[in-house]
Amino acid sequence: MGNVKRWPVLAGVGVVVAAAGWWIVDEMPSVDDAVARDALPSIDEHLRAWLATAARSGDPNIRWVCTQKVIETLADGERVKVGLVASCDEVAREGDGLVTRGGFRRQPVVYRVERTPDGYRVLDQEFAKDGAAYSPSVKAMFSWVGARRVLDGTSTDDPAKLAPAAFGLPEDTPVRARR
């Protein structure tokens with residue numbers, strides 16, 4: 001008789017576990033690979049142009065080279081929210097090689113892009129805040145699982161690996177850090 005009374009409790013626990021599992025899976029960030037592939041060129045171009053303007057560098061021997069790791073995409077009709085982390089280096093041509101002059105690693109950014117006949121157009125961007133506001137801003141920008149991925153250290157490829165190609169140089173061109 002004691003087992004009969006446990007069934008409603010076990011059934012209730014099962015429903016709660018199933019509902020929590022559904023909620024977690026529903027909130028899992030996903031990346032639409034086709035959207036990421038098609039939107040990243042516009043995002044990369046926008047990011048590099050924004051950095052060049054912010055750095056006020058008009059020197060043609062200096063370029064920003066960036067890599068991105070897409071954390072999540074969220075479509076809303078023709079518009080898409082693309083949450084990513086970016087790493088960028090300001091690279092200068094010096095002699096036979098390249099020199100990284102500065103940059104940043106693992107910067108969380110959310111881009112809002114819109115599908116156009118020619119690909120995607122950047123509508124706006126939001127960078128995570130610095131200092132004590134960093135973690136709360138990341139949590140506000142990303143889904144809760146996406147925020148965890150960012151805060152736990154999701155990383156990008158090293159931009160220095162792409163620097164020679166950005167200057168039209170051979171892959172084995174030396175890239176060193178400025179002293």
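**From a helix end to a tied pair of strands**

Guide: Just after helix α4, Gly153 takes a positive phi of about 110°. The model is predicted, so local features need pLDDT of at least 70 and side-chain atom pairs count only at pLDDT 80 or more, while totals for chains, interfaces and linings use all residues. Residues are numbered from 1 along each chain as its sequence is written, and side-chain values use heavy atoms, leaving out hydrogens and water.

Helix α4 covers residues 144-151. Its buried residues (under 20% relative accessible area, 1.4 Å probe, protein chains only) are Val145, Gly146, Ala147 and Val150. An α-helix has 3.6 residues a turn, so residues three or four places apart point the same way.

Now the wider layout. The chain has five helices and five strands. Helices are DSSP runs of H or I with at least four residues, strands are runs of E with at least two, and both are numbered from the N terminus. In sequence order the pattern is α-α-β-β-β-β-α-α-α-β. Of the 179 residues, 36% count as buried.

Next, the tie. The structure has one disulfide, a pair of cysteine sulfur atoms within 2.5 Å. Cys66 and Cys88 form it, with 2.2 Å from S to S. Cys66 lies in strand β1 (residues 62-76) and Cys88 in strand β2 (residues 79-94), so the pair ties together parts that are 22 residues apart in sequence. The torsion about the S-S bond is about 115°, so this disulfide is right-handed. Both Cys66 and Cys88 are buried. A disulfide is a covalent bond between the sulfur atoms of two cysteines.

Leaving out residues up to four places away in sequence, Lys81 touches Glu72, Thr73, Leu74, Val110, Tyr111 and Met141. A contact means heavy atoms within 4.5 Å. The Lys81 side chain also reaches the backbone oxygen of Met141 at 2.8 Å. The C-alpha atoms of Lys81 and Leu123 are 9.9 Å apart, though 42 residues separate the two along the chain.

One last stop, at a ring. The charged end of Arg63 sits over the ring of Phe167, 4.5 Å from its centre. The rule asks for NZ of Lys or CZ of Arg within 6 Å of the ring centre and within 35 degrees of the ring normal.

How values were computed. Buried < 20%, exposed > 50% of the residue type's maximum accessible area, 1.4 Å probe, protein only. Polar contact = N/O pair within 3.5 Å; in protein donor to acceptor, adjacent residues only side chain to side chain.
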